[in-house]
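Reader: I have a model open and want to learn how to read its features. Where do we start?

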Amino acid sequence: MTYPQKMKIFTYGSNIHIARLRARVASAVPVERGVVAGRRFAFHKRGLDGSGKADAFYTGDAADCVWGMLYEIAAADKPVLDQFESVGVGYDDLNAQVELCSGTTTEAVIYVARAEMIDRSLHPFDWYRAFVLNGGRAHGLPADYLAAVAQFAAVPDPEASRRELHWGLMDGGLSPVTP
């Protein structure tokens, strides 16, 4: 049996930022902006650090949509990304239909929060929300969508070393991060 050498993932949370994603899986190549319908963006997934992480929460309402970036990664890197996303514990990986800005549709893996990990009282750390916003701006996501994401309250990360690591990565220090 032959396995694919590359695969598509749809990023909408911190992985939308190329430095963040490439620090996790160096093979990541941006393909095209896109949108997944029937889902709503939220920062309500409980992270291992106690903060709110991004989720593409299923609503089934066609008016709800999550914008993001389609990336291609080496299929061999998927288990590494799954570990970062705590697949089976924090997130589930699903296949989703992504409508691309070119007008075509493709199927890609999307990570969505497990129901037991949702806590609507949580807020993202400021660096985490900045990954989403800066990555979205870099990829040209709609300004009104990014303005809505910016409306989510964020809190400072109380752990200095983690805060410095992530702000440094965003500012161009592309050092690998361990799960």
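**Reading strands, core and cysteines**

Author: Start with one pair of residues. Gln-97 has Glu-107 in strand 7 as its bridge partner. Keep in mind that this is a predicted model.

Reader: How many bridges join strand 6 and strand 7, and in which sense do they pair?

Author: Strand 6, residues 91–100, pairs with strand 7 over nine bridges, in the antiparallel sense. The two strands form a hairpin, with four residues between them. Gly-103 sits in that turn and has a positive phi of about 100°.

Reader: Which strand runs parallel to strand 7?

Author: Strand 1, residues 6–11, does. Two bridges join strand 1 to strand 7.

Reader: What do the strands build together, and in what order do they run?

Author: Follow the pairings from strand to strand. Here five strands make a closed barrel in the order 1-5-2-6-7, and the pairing is mixed. On average, neighbouring strands of this sheet are turned by 50° against each other, direction ignored.

Reader: How do strand 2 and strand 5 run?

Author: Strand 2 (residues 29–37) and strand 5 (residues 65–74) run antiparallel, joined by eight bridges. In this pairing, Gly-34 stands opposite Gly-68 in strand 5.

Reader: Which residues have the most contacts inside the largest nonpolar core?

Author: That core has 47 residues. Ile-9, Phe-10, Tyr-12, Phe-41, Ile-110 and Tyr-145 have the most contacts inside it. Now select Tyr-145. Setting aside neighbours within four places in sequence, Tyr-145 is in contact with Phe-41, Cys-65, Val-66 and Trp-67.

Reader: How many disulfides are there?

Author: A disulfide is a covalent bond between the sulfur atoms of two cysteines. The cut-off is 2.5 Å between those sulfurs. By that rule, the count is zero. Cys-65 is in no disulfide, and its nearest cysteine sulfur, that of Cys-101, is 11 Å away. Cys-101 is in no disulfide either; its nearest cysteine sulfur belongs to Cys-65.

Reader: Are these cysteines buried, exposed or partly exposed?

Author: Read the relative accessible area. Cys-65 is partly exposed, at 30%. Cys-101 is also partly exposed, at 38%.

Notes:
Residues numbered from 1 in each chain as written. Predicted model: local features only at pLDDT ≥ 70, side-chain atom pairs only at ≥ 80, totals over all residues. Heavy atoms only, no water. Buried < 20%, exposed > 50% of the residue type's maximum accessible area, 1.4 Å probe, protein only. Pairing = 2+ DSSP bridges. Axes fitted to C-alpha atoms, helices over the stretch in contact; angles between N-to-C directions. Core = buried A, V, L, I, M, F, W, Y, C linked by side-chain atoms within 4.5 Å. Contact = heavy atoms within 4.5 Å.
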